[in-house]
Amino acid sequence: MSLKFFAHFLFIFQVYISVFLLIIHLQFHFFEIAFLFYFFAGAKPMAAIFQGVGAAATLSSSPSNSFDSNNSVFSPLTSFSVRRGASFAVVRSDGILNLNPKGRRAQQLISNAVATKADSAASSSSSKPGHELLLFEALQEGLEEEMDRDPRVCVMGEDVGHYGGSYKVTKGLAEKFGDLRVLDTPIAENSFTGMGIGAAMTGLRPVVEGMNMGFLLLAFNQISNNCGMLHYTSGGQFTIPIVIRGPGGVGRQLGAEHSQRLESYFQSIPGIQMVACSTPYNAKGLMKAAIRSENPVILFEHVLLYNLKERIPDEDYICNLEEAEMVRPGEHVTILTYSRMRYHVMQAAKTLVNKGYDPEVIDIRSLKPFDLYTIGNSVKKTHRVLIVEECMRTGGIGASLTAAITENFNDYLDAPIMCLSSQDVPTPYAGTLEEVTVVQPAQIVTAVEQLCQ
Amino acid sequence: MSTAFSAAKFSTQPFSTISHDSPLVFAKPTSQFFGSTRKLRLTSSSKFNLSRRSGTVVAVSDYVKQKTSKSTTSLLITKEEGLELYEDMVFGRAFEDMCAQMYYRGKMFGFVHLYNGQEAVSTGFIKLLKQQDSVVSTYRDHVHALSKGVPARAVMSELFGKTTGCCRGQGGSMHMFSREHNLLGGFAFIGEGIPIATGAAFTSKYKREVLKEADCDHVTLAFFGDGTCNNGQFFECLNMAALWKLPIVFVVENNLWAIGMSHSRATSDPQIYKKGPAFGMPGIHVDGMDVLKVREVAKEAIGRARRGEGPTLVECETYRFRGHSLADPDELRDPAEKDHYAARDPIRALKKYLIENSLASEAELKAIDKKIDEVVEDAVEFADESPIPARSQLLENVFADPRGFGIGPDGRYRCEDPKFTEGTARV
């Protein structure tokens, strides 16, 4: 038994060292990790690698995971053996840490790098095991549950029906609910978004999908003039309970037009709410909350986050649309972020913790309106703010957030607010250039060091 | 896809761009003034009254001459219907005239677009609708609101910006909404309302097919102008409506002018009704200055939509007697063109028809005129006396769920802040 255990231990030790080094030095490049798994785990089918890509990015931040001492070497081992056929491992950050060859010192410092969410309502009550799924499946589950619950919920968009959605968020829904409830539209964003708004005014609850968020620029007329304003100009007579969602953000060399961040363009529209999801847990929760909300909500997803894997509760839950999420409590500096940058920040957090800093990381989730309570409490505690976002520098979410914090909490700040955003550059195709337009973990580390001087 | 209606022969020449050098093209005076003969091919499914036997909808006056030997039961309308139509058109005209007065007296501001001259289209279509049917309009929406049943008091108060207006004073002239009467707006940008109308029609179809409300046959009418017919949203919605056979009628109020842009200068093919068959729906042209003709066409188009046969594109040739808005000096349009259409005033035409066919007497019509004047006066008085919106109204309708304003620094939702109810909070 012990020999077998030792053999397994060595094997996993190898894998985890490589993965750990990879994560630190290659800064979370998914395909490299996949390659590594491929290399160490032997020949496996491509689909499995793809799952490995997603698996490698698993976070253990969901509330149903507990960070007790049992989650050490054995849990990755058991999950590995269970999934041998599928050939990927669930890589947990705590699992990595316990095998860190850099020693116990690092382990003690980093043990809180990804913390539990103490204030999450679902964590304490959940005694069921939950189920694991990828982010796009979480969105699909949320959507399907809402469509089951309320027959007025319908989906409209390009290729949402028979094709199942270009990112598979609506997969299987057309077979289940029919072609009218999951409507394949022609390529006419302005008009089918307007159609969704008209349907919302007359009693339905549509979910409009932009195949890529950038395409919604074509629907800007309807979103700004009608979606945001009609409730007001009609004197409150008509409500528009519409959800407009789609993937945005910088992907893997998708080119400038498919790599846009529309948060900054839409944020000025009065009358709408904007939320950004970042984990399977909050993706499902925000999707459900957005559908149930009477306000028009724009849900921003990210192209690169669709394959994140997490264990989420079995029971029905929603995430409050206006609240931010505490990812990691800390004392020295508040880092505000959302969507994909959350992972770059957590990446940098590990380095920072190694260096002795204690960052508090908040995923703001609600881009409009800002959760000034959570943010304010954090600012009052740490007195230093760093905003890390993927939005453009000019007029982005970070710019608005900086203004909001300065207005409300100026007295609590010991240093000017730092805002790291993407450069005001159309996203280049070349991979190296693309990397540089987006904020990388190294920049975050430098910024925190600068801020905390 | 076969069409129920085919494009009629377009026998009236549109007026060319006004320039003192180019000769004006006058329509032939004989049969033109009360509209022209329009040939329509009927489907076998339409069960119709005697006037359709020949398969044509003819000019009102021609028809009257042909039918003098027949009994009055072959008339297009009954007395009650006739009086209803007359009252509605006079209502629209009187209301719009009063709007102009009030505007010049400084009671209302901004952009006010008046509907004088186009009443036949609004009355001809909307008077055939039920309350649950929806109407979507543009910025020239006062008369659509009145025809649909929104009280004159509510519309006038809205124009004055008072809190008793149909939109609490928050919409104004260009944004008339009424949930009760299913008026879905009131849109300032042209073409913006057409997708909304398509959405309302989609809801009707959804209710019937998904929610299994079998008797839901609500129809939506989308009114818009000739300028809109060059806009992308128009074509995109024609495609979608025809594709899914939505219960909608697209009504083009072709008044030949988009502010100062003549339709023929802006459009490669000025015959808008032809664009319907390109998308697989019938396109029909009708004389929009003749309310009876419009009503006949409307009956068929609305009936088609109600039966689930899909959309129709109806082009109504009409004319606005005033400028584009009260701020428009209206210098570009040729006075001869204006006179031509002024002679085809729909209210006068209907009055003539009613009297000639002994459907109503001069006295009855005068009584209606007087009644309408009183209603409009009363509306103005009511609007004058209504209160202006209080400051507290500022933030009330921004969100249906006011939690959308977010959580404030103190941990409570901002909408619970008393400054919100006062309207003095800054958002």
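This is a predicted model: local features need pLDDT of at least 70, side-chain atom pairs count only at pLDDT 80 or more; totals for chains, interfaces and linings use all residues.
Domain 1 of chain A runs over 130-313 and domain 2 over 325-452, with bounds that come from an automatic or database domain assignment. Residues are numbered from 1 along each chain as its sequence is written, and chains are lettered from A and ligands numbered from 1 in the order in which they are written. Local features need pLDDT of at least 70, side-chain atom pairs count only at pLDDT 80 or more, totals for chains, interfaces and linings use all residues, and side-chain values use heavy atoms, with hydrogens and water left out.

So who touches whom? On the domain 1 side of chain A, 30 residues are in contact (heavy atoms within 4.5 Å) with 27 residues of domain 2. Together the two domains of chain A bury about 2,300 Å², 53% of it on carbon and sulfur atoms; buried area is the accessible area (1.4 Å probe) that two parts lose on being put together, summed over both. Within domain 1 of chain A, the most area is lost to domain 2 by A:Gln253, A:Arg261 and A:Gln267, which make up 28% of what that side buries.

As for polar links, 20 residue pairs (both at pLDDT 80 or more) are in polar contact across the interface of domain 1 and domain 2 of chain A. Such a contact is a pair of N or O atoms within 3.5 Å; within protein, one must be able to donate a hydrogen and the other to accept it, and residues adjacent in sequence count only if both atoms are side-chain atoms.
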